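Here are some exercises to work through with the model open beside you. Try each one yourself before reading its solution.

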Number of protein chains: 2
Amino acid sequence: MTAVTHQHPTLKALAAPGDEEVAQLDAWWRANNYLTVGQIYLRGNPLLKEPLTAEHIKPRLLGHWGTSPGLSLIYAHVSRLIRLTGQEAIYLAGPGHGGPALVAAGYLEGTYSEIYPDVTLDEPGLLRLFRQFSSPGGIPSHVSVTTPGSIHEGGELGYVLVHAYGAVMDNPDLLAVAVVGDGEAETGPLEGSWKGVSFINPARDGAVLPILHLNDAKIAGPTVLGRKSRDEVRSLLAGHGYDVIEVEGSDLPGMHHRFAAALAEAYGRIRAIQRSARDGDWDGTRPTWPLIVLRSPKGWTGPEKVDGITVSGTWRSHQVPLSGVRENPDHLRVLEEWLRSYRPEELFDESGAPSRSIREFAPDGDLRMSASPHANGGRLTRDLDLPDYRDYAIDVPTPATVRAESTRKLGELMRDIYTRNPDRFRLFCPDETNSNRLGAVFEVSDRGFMEHVTADDTAIGRDGRVMEVLSEHNCHGWLEGYNLTGRHGMFATYEAFAMVSASQTVQHGKWLQEAAHLPWRAKVPSLNILLTSTAWRNDHNGFSHQGPGLIQVVLNQRGTVSRVYLPPDANTLLSVANHCFRSRSYVNLIVIDKQPQLQWLTMDEAIEHTARGAGIWDWAGTDAGDSDPDIVLACAGDVVTMETVAAAQILKEKLPGFKVRVVNVVNLMTLTRPKDHPHGMSETQFTELFTDTVDVVFAFHGYPGAIHQLVHGRPDADRFRVRGFIEEGTTTTPFDMTVRNRASRYHLVMDAINNAKRLPRGATALKEWCEAQLTRHQEYVVEHLEDMPEVRDWSLGDWAERG
Amino acid sequence: MTAVTHQHPTLKALAAPGDEEVAQLDAWWRANNYLTVGQIYLRGNPLLKEPLTAEHIKPRLLGHWGTSPGLSLIYAHVSRLIRLTGQEAIYLAGPGHGGPALVAAGYLEGTYSEIYPDVTLDEPGLLRLFRQFSSPGGIPSHVSVTTPGSIHEGGELGYVLVHAYGAVMDNPDLLAVAVVGDGEAETGPLEGSWKGVSFINPARDGAVLPILHLNDAKIAGPTVLGRKSRDEVRSLLAGHGYDVIEVEGSDLPGMHHRFAAALAEAYGRIRAIQRSARDGDWDGTRPTWPLIVLRSPKGWTGPEKVDGITVSGTWRSHQVPLSGVRENPDHLRVLEEWLRSYRPEELFDESGAPSRSIREFAPDGDLRMSASPHANGGRLTRDLDLPDYRDYAIDVPTPATVRAESTRKLGELMRDIYTRNPDRFRLFCPDETNSNRLGAVFEVSDRGFMEHVTADDTAIGRDGRVMEVLSEHNCHGWLEGYNLTGRHGMFATYEAFAMVSASQTVQHGKWLQEAAHLPWRAKVPSLNILLTSTAWRNDHNGFSHQGPGLIQVVLNQRGTVSRVYLPPDANTLLSVANHCFRSRSYVNLIVIDKQPQLQWLTMDEAIEHTARGAGIWDWAGTDAGDSDPDIVLACAGDVVTMETVAAAQILKEKLPGFKVRVVNVVNLMTLTRPKDHPHGMSETQFTELFTDTVDVVFAFHGYPGAIHQLVHGRPDADRFRVRGFIEEGTTTTPFDMTVRNRASRYHLVMDAINNAKRLPRGATALKEWCEAQLTRHQEYVVEHLEDMPEVRDWSLGDWAERG
């Protein structure tokens, strides 16, 4: 490809910094490296105004040096690009353990002191910067929520590109510079995320500039990409769809010149792609976006050898290249030489502040990457323009008479959200939008796809904004990037396969938990997760498709972020979804099946039920409410709610006089004590629903243990008998699933009888009848091997037909 | 590359089947396709001996047709290869929803009837085969545990290559044919698994032949690789290190000729690589292994158009291309034509059995891929030759006097397991073997790596058998493949990042749960998972590295497979590990920290403790055992055990006369009721440990809810007050972690006092003293910002120094 950098004066200037500019770049880089080493080693003498002694050294040396100089070199050059072009950019550090380099950048740019006023731009501030690093009560050694300018935690590896691609969607003016480490590049999620390029529309979205930083080693050995031939690496990245620009070496100032030229070239190509797409002379084919491969030594500018062994350029400089510095005078000497090699006296003034030229190197205000509002997306968040969710209500004249696919209503709601919010709402789903009955969105938006489409394809194309890719990691991660830059969305996926991205749910939850402690981090739209193909209804899929594990994952997060909703029908779902779309900084998990299901509540009832989170369904039980019932049948989750209502009906008809109360829980967190979760209902409310002595038979959508965990500490929690998914599954009907997991209406009736304090006449006979029903069911399954009756035993009344 | 297929007569024959052979191939393929369509549609008239009517059609049509004909074409050709060469091979179907094709293959090869005698090789058997498919009480629609010849569940996508690569490690004579679907190819785990090629040694390991089957579409739309340019796909795969052979089309018999030639070429190159490596003229560089890209239409040989809309070759044939067949006479006619197009009368004899020529097409006995013992690895499993684990014991003269890194001992044990079992044991770890203190294994084995190594690298090279790659998905999946083919191993990883592969743990657990029901599946070595960098000890990493979520994931599996161990010290760890290495078909989760920690038990005590799973530590408490104590302090997990023992010591010294019992739990499942888990202790044993009325303060390594879940149903379970990880984390000392999570010795003492039935004199003062200690701690943290004292507050006695 011909260089684009002579085509425009700014690009030309960018590509060829003069000597003075290179000196500035280098000074900033040295300052950053100095601060990085200082953070790892120093507790005193931060400016080396006196000779270094053992007392100046931290008692315990922690941190990662190896990747840091590469990260800061890139940061310096991108900052210069921003200054020369005015480009809005954010920086995502895939090798996030290079935390000190990013902290140093925020400090040199002044942002750090703005948000953490204790860390002043002078010698005491410098000392504080050093001492807080990797210390109790201080900051983590990784890029984290506390790092200004970050939307990407440097902990669990693999998500830097998904965050970057999510950040630039519908963000046409944003450039996301995403540094991929060669350790991270070994992970599955990262390898699966290069394909983001197949989904980015240059006319509407911003650009990601991936920089694959190969420094050859991870903690203890070489990396695959670091040791593959250059040809293979180029071929791999070209195969993903990138236009590879390579920079390699360690010579100075040569590397500054070469990296500046490469960055200018990459930027020029990005702008050319965007201009062509936006000015209308684009043929619609996917651009080949530029990507930089930077090969620089691990621990670059650090000690070459320690005790005669090569350190710089090897895995030995991954963490702390010089150990035992307090005890070993030789190491102390090497450290001092290393620190002084950056010439701190040129970089900081007498007060200890970065010198004027260093400070002036930073772009202005919000253009500083450490201060970008895109990396503190709450600052840019605008509420969704939401239609009135009540307009999508299903008419429910009486409970259990209407059958509907509840998620279809949510699809219609989201269709109109798409229309009203063309710049700030997206649905992310692994290839199941239609299957999940959310297909109404396709009336207003195609799926986004930048590869070739054909006449046989439907609802797909470059202008689409519904994101489908068969990768939970991409879908989840893109939505995180989209959320953290201030936009709204929903991730809809298979319940069982939500565990594929469970660690992303965990890590994003941790991000939100931490952010809640930082006043400068504005709240962002919540991460909304919808699970619609559930454990109980996988009629033709097998046991592998049956797993409600994500509920437990979200339950274990802090109450400040975790929300779990199990709406039993469409109107409740609409009310819950409306709440989730309005909320901020939560992980909202919504679980509801996509198949036709009985509808229980009118819209008004649903609104009230959702607001309370749990309530007594008078119409379903026989409990007059004036005294305690004989048993409480509680439920959370659509399929088990059906079984619970059916069980209550059986009891009503077959055991007149036996008082059954039916309680449905839609907001799982209401079960928790208020001290454990803000949604936890008061003990009074809890007792009003569940009494404080009557046994409760609780039919739960997920693993039964979750309910035991939630009701712990409630009055006589031992009285809760929970039925739920106990890992009994196969290809079968939903009713058979409830039988296998001992949560069918018949099991619930028997549980009710077994646990009721008062046993009315007929109870024994009813138990026998239930046993007989289950035997009949079993015989039926064996006899009718190939039948998969969708409805049989799958409504309120059918039990009677066969009773 | 020059074709290798003229170099050897067998290859030559393989590459160029004669007309009769092509006819045989095609007949077998037609038979397979016929059975596939039959499984999806038919409940009667299985051989089309009469005209098809609505009654012959299943009431509900479920299954996936689209990928099946491609899967069966490949199967047919590989079977022929096996017949001609005698090669041992297994078949892994990445697009596992092509289940009916693999079931059909096992049926045509006779294996199905051998293991499921009800499914006979005649018309009734055929009907049973059809009716059981995707039916309650039958088999799932996906390739599953029930499918003979499979080690790969076709449910959650992404793991076909990791399973294949794991299967061939130390299996020099095995060829694993791994079909990758283009939907699956979009997942992160799959994209991250191409790099298996960088870890396979042709001299010692078998070979994987990946076949990327591009049929362009997934459920509802096109795929990225299906729609990328051929150049980019080739470039991508070449970049991963493969030698790409392409076959494309739908013409017959042309495709048979071309695929046979491609397969022969690929096989020839594999054998040439292996011969060169094994005969000694190999220079040690990584071979470029062949890979086939097969482009064939989705739903190939199915109906071209339905109701005027193109189906074959599009996403519309992904599942059931013809719907409403019972109701729509036109669809019924199309189905009959489709079925008859395979000419069943030529393929099955009068009895309904596959014709002789079809049956003779299969390789002999165990060479049939559906009967391969490698795919029923329990048949090949040999016990590990284990050294006596007691030889690695740490000498513990009295409790809490010796400090050691417990996992180092496990490393020594594994070192000697490596030596004694050079062909059937491997450790898999994402780059942390040394960091996890397991580095002793490097005394006898390098890390395995086939890319370039340099003089600065240590313990790495092509002969290495310790597997390190920075990908939990690869490590976990390779071990699964290794286990399922009958070999033993261990996956050691960061506790928090175990959630990255949590869904693999779930899915492998499901596989083992299902296999337990199938008598023909021999038990395989257990999946052993060791978590060593735990939530409580991530001194320099942040909150992102703190998450004990995997415990909960394993707890939710069925008792037949789930095992969770929390050994508190080295000797207990050795005893637990020894048990795990001997066990079969479990998921064994072991959690223990890698840092220096106090040692409690002698080897003999550890053996007894492990055998019981939980026990009273008399020496730690003040409970004479003659009557109930005032409080029970229980613990599970190393760090919290330390705090518990320290709390008991404080109570002993400061509240003489107050009776404290200390119970340590090493096998978490013993807490469960026996009816819920086979390890569950009897109620008598439970009461002996925990009494049935005294309050229990339980300090737990994981999320507290897990204990509430486990002790549910035990006498007065409400009396358990659990402290554990409550998502309070940051970069800090382990002691500070216990303070933040309210599980420190001081919190436990206060909990003990608050919950004891009898309050002795001095209790109030002691509570105040505890509060004061916590305040001092807080002040200390603030004052000593940069200190990270490794030991302070981190032993039994230190509290006294500052008390």
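**Exercise 1.** How many bridges join strand S2 (residues 174-181) of chain A to S3(A), and do the two run parallel or antiparallel?

*Solution.* Some housekeeping comes before the count. This is a predicted model, where local features need pLDDT of at least 70, side-chain atom pairs count only at pLDDT 80 or more, and totals for chains, interfaces and linings use all residues. Residues are numbered from 1 along each chain as its sequence is written, while chains are lettered from A and ligands numbered from 1 in the order in which they are written.

Step 1: find the strands, which are DSSP runs (E, at least two residues; helices are H or I, at least four), numbered from the N terminus.
Step 2: count. S2(A) and S3(A) run parallel and are joined by seven bridges; two strands pair if DSSP finds at least two bridges between them.
Step 3: check one spot: Leu175(A) sits opposite Ala207(A) of S3(A).

**Exercise 2.** Work out the strand order of the sheet in chain A, and which strands stand at its edges.

*Solution.* Step 1: the order is S1-S2-S3-S5-S4, an open sheet of five strands with parallel pairing.
Step 1: strand S1 (88-93) and strand S4 (242-248) of chain A each have a single partner strand, so one side of each lacks a neighbour in the sheet.
Step 2: from one strand to the next, the twist averages 20 degrees (axes are lines fitted to C-alpha atoms, for helices over the stretch in contact, and angles run from 0 to 180 degrees between N-to-C directions).
Step 3: follow Arg295(A). In S5(A) it is the bridge partner of Leu214(A), and Glu248(A) also stands opposite it.

**Exercise 3.** Is strand S3 (residues 207-214) of chain A buried or exposed?

*Solution.* Step 1: set the cut-offs. A residue is buried if 20 or more other C-beta atoms lie within 10 Å of its own, exposed if 12 or fewer, and partly exposed in between, with C-beta atoms placed from the backbone.
Step 1: eight of the eight residues are buried, so the rest of the structure largely encloses S3(A).

**Exercise 4.** How do the two chains meet, and how are they related?

*Solution.* Step 1: count contacts (C-beta atoms, placed from the backbone, within 7 Å). Here 113 residues of chain B are in contact with 112 residues of chain A.
Step 1: sort the chain B side: 33 nonpolar, 49 polar and 31 charged. Ala, Val, Leu, Ile, Met, Phe, Trp, Tyr, Cys and Pro count as nonpolar, Asp, Glu, Lys and Arg as charged, and the others, Gly among them, as polar.
Step 2: superpose by least squares on the C-alpha atoms of residues with pLDDT of at least 70 in both copies. A rotation of 180 degrees with 0.0 Å of shift along its axis puts chain B on chain A, RMSD 0.0 Å. The two copies are thus related as by a two-fold rotation axis.
Step 3: 99% of the interface residues of chain B are also interface residues in chain A, so the copies meet through the same surface.
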